[in-house]
Every structure is written in C-alpha cells, then in structure tokens.
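Please look at the sequence and the structure below before reading on.

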Amino acid sequence: EVPYTDFFFASPPLQIYLFAVLLFFVGGNILLLKLVPILLSVWTSFVVFKIARLYGGFRQALLASVFFLFSFCCLTTSDYSSGVHISIFLITCMVYLARTGRPVASGFFGSLALLTRLYAMFPVAGVGLFLLYEYFQKRGVSLRNNLFMFSLSACIPFLLVSLFLYFHSGGAYLQDILLFRLSLIPVSGIPKLRILQFFVRWDLLLAACSILFFLFGARKKLLPEIFVFAVLLIFFIVYQDLYYLYFMLLTPFLALFSANFIAVLRRRLEKPNTVFLIAFIIILLLFHNLVFYVLNHATASRILFLDELLYLVESTSSRDDALFGSYEVVPLVALLTGRRVAGNIVDTNNKNFMTGVYDKATVQKSVKTEARLVFSKMVVDSRGEVVGHEIFLDSNLVGSCTLIATYPIINDYSANLLAVWGCGYRLAS
C-alpha cells in the first residue's frame, strides 16, 4: 500500500518513505523510531554550528548550536516525529551550502525539503531571493549562474517526483498535498497571538536576543539567514492554519541571530565580570527551559496505559480484525499488535472531516463493516459528562457497540479520557 493511491497523506512523500525504509530495517522498535527527531535535532545543531563558524569564532558557533538544541521549541517537539525536523535539517543544509558557494547541492537539499513539507517553499524562496540580491549587488556572471543553478536544482527533482506521483495516483497526489492545504485557509488554527505569546514566554531568550540583534548585531554577516527568516515571517502572517510546531522553522535562525548579538555584546563589554554575568543569565534561562519541559511537557500526550491497551486489543480481537479511531492512539496500537486500521483511515484529525477530505457518513459506513474496536479521545467534565470528542464519533458509529474500557489521560493538550468500544464487526469470510 502506498500513499495517495491507497490512503490519504497530506504531505509530500519523503518523510513517509524514509520511515518505511527505517521500519524495514528496525521493525516496530518504537525506541529507535522515537530517536529519529532527536538525532535530526542534533545534526541540525551541528549544521547551525557550521553556519555560524563561517562568519564567527568557535564560541559564537558553539553558542548558536546550544541555543538551538536547548530552545524550548526544540525540546518540546523533538520527542515525536512530525516531519518538521527533517525539513529543518534539510533547510539548514541548504543555507549552509548556498553560503559556501555550492548552488546545485543547495538547491537539491531545498528540493528534498520541498518533498518533505510544502512550507519549505518559503525558505527555498528566501535563499533564491538572497542569491538574486547578491547578483544585483555585484553583477557577476558566476552569481547569475549560481541563481540559475540553484533554481533548477531546487525545482526539477521536486517537479519530477511530483509529476510521477500525480499520474501514478490518478491525480490524488495533487488533491492530498495541495488542494487539501488550500481548503484549510478558511479553517483557522490556534489564534496566532496565543501561539506568539507561548513562544515568547518560553523562548524569551531567543526572542529578546534576536530583536536586539536586528538593532545592534552584525546584520551584514547574516544576510542569507535574514532573507530566509523574513520570507518565513510572511508565511506565518499569511497562513491561517498555524500551530506552535511551525515556530520550529524559525529556531535555527533565531539561534544564529542570538549568538551573534551575544558575541557583539561580549566584544563591547570588556569587563570580565560582565561577561560572566551574561553567561550565567544564559545558562540560567536555558536550564529553566529544560526543567519546565521535563516537568510539564515531556509526558504530554504520552500513552501511560499502553500495555493495558495492547492486552485489551489482543484479548478481544483477532489478527483479521481492524481498529479505528484516534490518530494519536490507533496507529501505534495497530503497529504493536499486528492489526489493520479500518479503511486505511489512519489520520482521523478533525480537520480532515471539516475540509471534506473524508465524508463522515461514508467513513462510518466503511468502518462499520470491519472495525472490531473503536478508540476515541474525549473531554469529560467533573460530573462525568462528555463535553467534547473527536468529529468521527457519534451514535451512528458506536450506537450498537459496547463501551468496554476507559482510561484517564493525565497530561494532554486536548483530552482527559480515552474510551474504547467493542463493536463486534468482523471481516466477511
């Protein structure tokens, strides 16, 4: 089974195929799979170090790397795979290669980023605009060739892969990755002001130092990064379906800006005691981020009752049965128990129903012919009444099912209970 043809997948193919290769070698080893975003974050921090080393000293480059790794945004997103970590690694590689005069390799990494997430078009455009600016500033033939070769190597691999997938999927590829995103425009995500407040509160050091960088830092040394950062800001302003996760795209650049400002400040303040005070404040704030993450976010949305779920599934269903329900629970449980996901509907995110990707009635009709167990996260008030649940859940789906188990969710961003229904449906023999 492949994406776009056999099941809905809202992003370009690189991430899912990389994980398919990884699963082939490591099987269902969850620990190894969870190491992927952590390793990618470490590799990205090394690329950030290499970028900063191009124009600054060792300490500035090391500080930029530390700022990135210990930013709250990096800490709170690197414990699960979302695609953003692959994208950021490829984007920072693209910037580094553009800086070192390798436009073909830079464009190729930009194309790989596009094949991971479509929002990579904004950083790719940022690098392209920088190369265009550099050409107009100096008017060299080699600079014009750099822009031309970067553009070709960024566009051609992405277009070739996309055309192949478009025809292979009978046009579903375009529907899944582009038209679906356009349908999200009228569907607002979390209010942008709330996301910004959360980011500034917990990454205050990066936010403050980056503002001061634009006032007092060595801006000319970081022109490529400034171009990419500016285009990303346009993305955040224009795109409506915005989430905190997307701020991770800014973090490598904020780390570079912040480290540069600290380096400039250190040179201007010649008193050793002042330098040590700055270092102490930085360490204190980074330690605060780490402690807050461990205490409040490291266990968020974690399935603390996974063993109980696995036992429930194995004792109430056979390997021919299918599971259906919450996209945060069912794929993992299905993987570990060897069950199928009913109708191949893995991503039951509410917005897939709100935008018409899935027709609720059609999905329910399909699921009822094969789902043995249905899982749904919900919100229950202090009186035990359900005040919120996932869109796919209603009496039409589970009206003839039996509620067989409930599990309290201790620390979650959207729910406090997981309910499991036994529906008794079996595949026809």
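An angle between two axes under 35 degrees counts as roughly parallel, one over 145 as roughly antiparallel, one from 65 to 115 as roughly perpendicular, and the rest as oblique. The model described here is a predicted one. Two packed helices are described by the angle between their axes and the distance between the axes, and the table gives both values for two pairs.

| Helix pair | Angle between axes | Distance between axes |
|---|---|---|
| H12 (residues 223–238) and H13 (residues 251–268) | about 135 degrees | 10 Å |
| H7 (residues 121–138) and H12 | about 135 degrees | 8 Å |

**H12 with H13.** Because their angle is about 135 degrees, H12 and H13 are oblique to each other, and their crossing is left-handed. On the side of H12 the contact is made by Glu 225, Ile 226, Val 228, Phe 229 and Leu 232, while H13 contributes Phe 253, Leu 254, Leu 256 and Phe 257. These contact residues divide into eight nonpolar, no polar and one charged.

**H7 with H12.** H7 and H12 are likewise oblique to each other, but here the crossing is right-handed. From H7, the residues Phe 122, Pro 123, Ala 125, Gly 126, Val 127, Leu 129, Phe 130 and Tyr 133 meet Leu 223, Pro 224, Phe 227, Val 228, Val 231, Leu 232 and Phe 235 of H12. The residues of this contact comprise 14 nonpolar, one polar and no charged. Val 228 and Leu 232 of H12 take part in the contact with H7 and also in the contact with H13.

**A residue in H6.** Ser 106 lies in helix H6, which spans residues 103–114. Is Ser 106 buried or exposed? Since buried means under 20% relative accessible area, Ser 106, at 0% relative accessibility, counts as buried. Apart from its neighbours within four places in sequence, Ser 106 is in contact with Met 94, Leu 97, Ala 98, Val 127 and Phe 150. One of these, Val 127, is also among the residues of H7 that meet H12.

**The two faces of H18.** In helix H18, which runs over residues 360–367, the buried residues are Val 363, Gln 364 and Val 367. Because these residues cover an arc of only 95 degrees around the axis, they lie on the same side of H18. The face of H18 turned away from that buried side carries Ala 361, Thr 362 and Lys 365, which are exposed.

Terms used: Residues are numbered from 1 along each chain as its sequence is written. This is a predicted model: local features need pLDDT of at least 70, side-chain atom pairs count only at pLDDT 80 or more; totals for chains, interfaces and linings use all residues. Side-chain values use heavy atoms; hydrogens and water are left out. Helices (H or I, at least four residues) and strands (E, at least two) are DSSP runs, numbered from the N terminus. Buried means under 20% relative accessible area, exposed over 50%, partly exposed in between (1.4 Å probe, protein chains only). Contact means heavy atoms within 4.5 Å. Axes are lines fitted to C-alpha atoms, for helices over the stretch in contact, and angles run from 0 to 180 degrees between N-to-C directions. A crossing is left-handed if the near helix is turned anticlockwise from the far one by less than a right angle, and right-handed if clockwise. Ala, Val, Leu, Ile, Met, Phe, Trp, Tyr, Cys and Pro count as nonpolar, Asp, Glu, Lys and Arg as charged, and the others, Gly among them, as polar. The arc is that of the directions from the helix axis to the C-beta atoms.
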